[in-house]
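Thank you all for coming; I would like to walk you slowly through one model this morning. Please have a look at the screen first, and then I will begin with a few words on terms.

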Protein chains: 2
Amino acid sequence: MYVRVDAGELRALATRILARTGLPDGDAQVAADVLVSADMRGIESHGVSRLHSYYLERLRRGLINPLPKVRPVRRSGAVVVLDGDNGLGPVVAYRSMETCLELAREHGLALALTRSSNHFGIAAYYALMAAAEGMVGLCLTNTQPLVIPTFGRRRLLGTNPICLAVPAGRHPPFVLDMATSVVPIGRVEVHARRGRAVPRAWGADADGRPTSDPDRILRGGGLFPLGGTERTSGYKGYGLAAAVDLLAGVLSGSAYLDEVKGPGHPEPCGVGHLFGALRLDLLGDPEVLRDRVDRFIDRLHACPPQPGRKGVLVAGEKELLHERDALAHGVRVRREVLARLRAEEG
Amino acid sequence: MYVRVDAGELRALATRILARTGLPDGDAQVAADVLVSADMRGIESHGVSRLHSYYLERLRRGLINPLPKVRPVRRSGAVVVLDGDNGLGPVVAYRSMETCLELAREHGLALALTRSSNHFGIAAYYALMAAAEGMVGLCLTNTQPLVIPTFGRRRLLGTNPICLAVPAGRHPPFVLDMATSVVPIGRVEVHARRGRAVPRAWGADADGRPTSDPDRILRGGGLFPLGGTERTSGYKGYGLAAAVDLLAGVLSGSAYLDEVKGPGHPEPCGVGHLFGALRLDLLGDPEVLRDRVDRFIDRLHACPPQPGRKGVLVAGEKELLHERDALAHGVRVRREVLARLRAEEG
């Protein structure tokens with residue numbers, strides 16, 4: 001059961017709860033905005049439903065630092081390596097992307113690699129910070145291990161998402177925000193609760209073999225990388241997940257592979273991120289380039305659809321429809337999630 | 001039927017043939033090296049078997065410029081936009097990556113976007129140029145349209161590959177070089193010739209629906225993006241293909257989507273590329289970072305394998321085994337391909 005709640009109200013509620021755990025008001029606002037943005041964009045799995053397990057409980061157990069000093073450990077020109085000081089993921093990520101944008105304003109192109117962070121919510125939030133300034137935005141992160149490498153039978157890789165945002169003109173930005181696994185683990189959990197089979201392309205059992213039984217994926221098995229098995233090129237998704245981990249985890253000096261801990265683990269998670277920004281005006285007249293992006297989108301929209309389909313969507317459009325709906329009618333939140341938030345406030 | 005030929009001999013043969021079409025000797029050497037590298041790495045579809053259709057015929061028909069002036073049309077700091085002047089793809093790409101590496105040597109991080117080029121062979125060749133200098137290398141390109149966007153029923157996107165190379169220490173570099181389609185069109189053609197069905201995840205018929213009939217994919221249909229249909233997250237592969245086209249085609253000022261022409265088309269192809277390079281020493285002590293990459297690779301190798309599999313491979317390893325075999329025993333080339341090359345020389 002879902003209820004609707006005003007976005008501003010939900011943001012204020014989440015902010016107050018976070019501030020009570022010792023977060024400075026500004027940081028609490030940032031984290032609340034990241035979480036509520038996820039709900040508004042229809043990414044419930046990264047929204048306020050995670051406030052307790054991913055953030056509050058870890059703050060209260062001292063597993064996340066409420067007052068991190070996010071500091072550069074290496075800086076040279078347009079590239080910076082930051083230490084997140086085990087701060088709240090959205091706070092560390094927001095400050096990292098701010099640093100990256102400062103460098104990009106000066107140099108035109110910049111990269112920030114961040115170590116010792118935590119789960120940061122939706123990657124699109126940070127890439128869109130770049131797009132809002134007329135820059136191409138890139139955001140990668142590693143995550144706790146859930147994905148089995150091709151030919152293997154153990155979870156070694158995270159769902160390691162890739163996010164790229166490209167500003168357009170008439171159109172909203174192109175925003176690709178995708179995990180490099182076939183599906184999120186949450187989707188397998190939903191099938192398991194309902195006792196429903198899953199497509200054999202989604203995950204493997206404890207022997208690394210495709211299975212349609214969600215319980216076998218959850219207990220001892222794992223997710224397939226994008227592409228599924230070898231025959232359908234799952235090694236490409238595996239390669240992408242590894243590439244993300246190399247950039248965001250290995251080269252940032254953070255944890256990588258199964259060193260990265262999930263939110264239930266009684267140690268710092270050691271999550272690593274990468275942020276990138278590129279000013280459009282370095283490539284040409286920004287108006288001309290935005291117009292080219294618009295025409296690219298127009299031509300995808302003009303693609304004749306499959307019978308029974310309305311048309312071709314461009315990355316980020318589905319999320320934007322959710323966002324508009326949330327602004328007009330309130331954010332969709334599960335009744336029990338909202339009740340728990342309100343109870344939290346007492 | 002395959003024969004073995006010495007790599008140096010094959011390179012010299014291809015160089016002489018290319019030089020006769022009017023290419024300067026140095027450019028002919030570069031192009032020959034790119035093609036022979038593909039054969040050595042086991043990527044026959046991008047090797048000397050393409051010399052005639054992709055390169056010689058187009059040079060002879062005046063559709064590729066043998067003497068391109070590859071020039072910067074915009075340069076600011078570490079970012080450059082280059083015009084390939086419709087030169088041979090490998091020549092334009094090699095010079096573009098050289099420019100990118102020069103900028104990266106100076107600035108630590110650099111990007112080169114290249115318009116008005118042609119099919120450049122294997123992306124890994126250029127990304128490995130960066131890795132050979134201790135840099136992370138990135139290479140993207142758009143290609144002729146073969147891939148149907150999710151929910152659509154027309155080929156609009158190329159197989160738009162993504163290549164990332166990361167230098168290691170003891171180990172050879174990590175090299176991911178993957179098309180963003182499930183499979184290359186050549187693999188469907190092989191099944192069609194042999195009258196064999198293909199997995200339904202590979203491609204669609206003229207209505208955009210999955211089919212196991214390779215002829216329906218080839219005639220009026222198209223390839224699925226990595227992931228296959230919507231249910232197995234094909235929209236992620238579609239998003240990646242679109243992201244590559246935006247960066248390499250739209251923002252470089254080149255052709256994009258189905259404006260990009262294939263080698264059989266009687267007009268310049270308008271292919272666009274993107275090259276990136278990042279010096280490891282900007283991120284930390286390069287020896288420490290290379291050691292971290294080594295340990296990342298070691299831990300993937302240590303993953304327990306599926307029953308019946310030898311072990312987990314890391315991106316680039318399969319190609320390296322081919323390369324070592326080719327160095328030891330000669331490059332594997334189809335007998336008729338070698339015969340045609342020798343006949344060409346007269």
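When I speak of helices and strands, I mean DSSP runs, numbered from the N terminus, where a helix is H or I with at least four residues and a strand is E with at least two. What you see is a predicted model, in which local features need pLDDT of at least 70 and side-chain atom pairs count only at pLDDT 80 or more, while totals for chains, interfaces and linings use all residues. Residues are numbered from 1 along each chain as its sequence is written, and chains are lettered from A, with ligands numbered from 1, in the order in which they are written.

Let me start with B:Asn160, which sits in the loop of chain B between β5 (135-141) and β6 (162-166). Is B:Asn160 buried or exposed? A residue is called buried if 20 or more other C-beta atoms, placed from the backbone, lie within 10 Å of its own, exposed if 12 or fewer, and partly exposed in between; B:Asn160 has 29 such neighbours, and therefore counts as buried. Contact here means that the C-beta atoms of two residues, placed from the backbone, lie within 7 Å, and, leaving aside residues up to four places away in sequence, B:Asn160 touches B:Thr141, B:Asn142, B:Thr143, B:Thr180, B:Ala241, B:Val244 and B:Asp245.

Turning to chain A, the domain assignment, whose bounds come from an automatic or database source, gives domain 1 (2-63 + 324-345) and domain 2 (71-282). Their C-alpha centres lie 21 Å apart, and the contact between them takes 17 residues from domain 1 and 13 residues from domain 2. On the domain 1 side, α2 (25-40) and α3 (51-60) of chain A each supply at least two residues, with the largest share, seven residues, coming from α2(A).

Staying with α3(A), its residues A:Leu51, A:Tyr54, A:Tyr55 and A:Arg58 are buried. Why do they line one face of the helix? Seen down the axis of α3(A), the buried residues fall within an arc of 145° (taken from the directions from the helix axis to the C-beta atoms), so they line one face. Those buried residues pack against α1 (7-19), α2 and α11 (335-345) of chain A, and after α3(A) comes A:Gly62, whose phi is positive, near 75°.

Finally, the contact between the two chains takes 65 residues from chain B and 64 residues from chain A.
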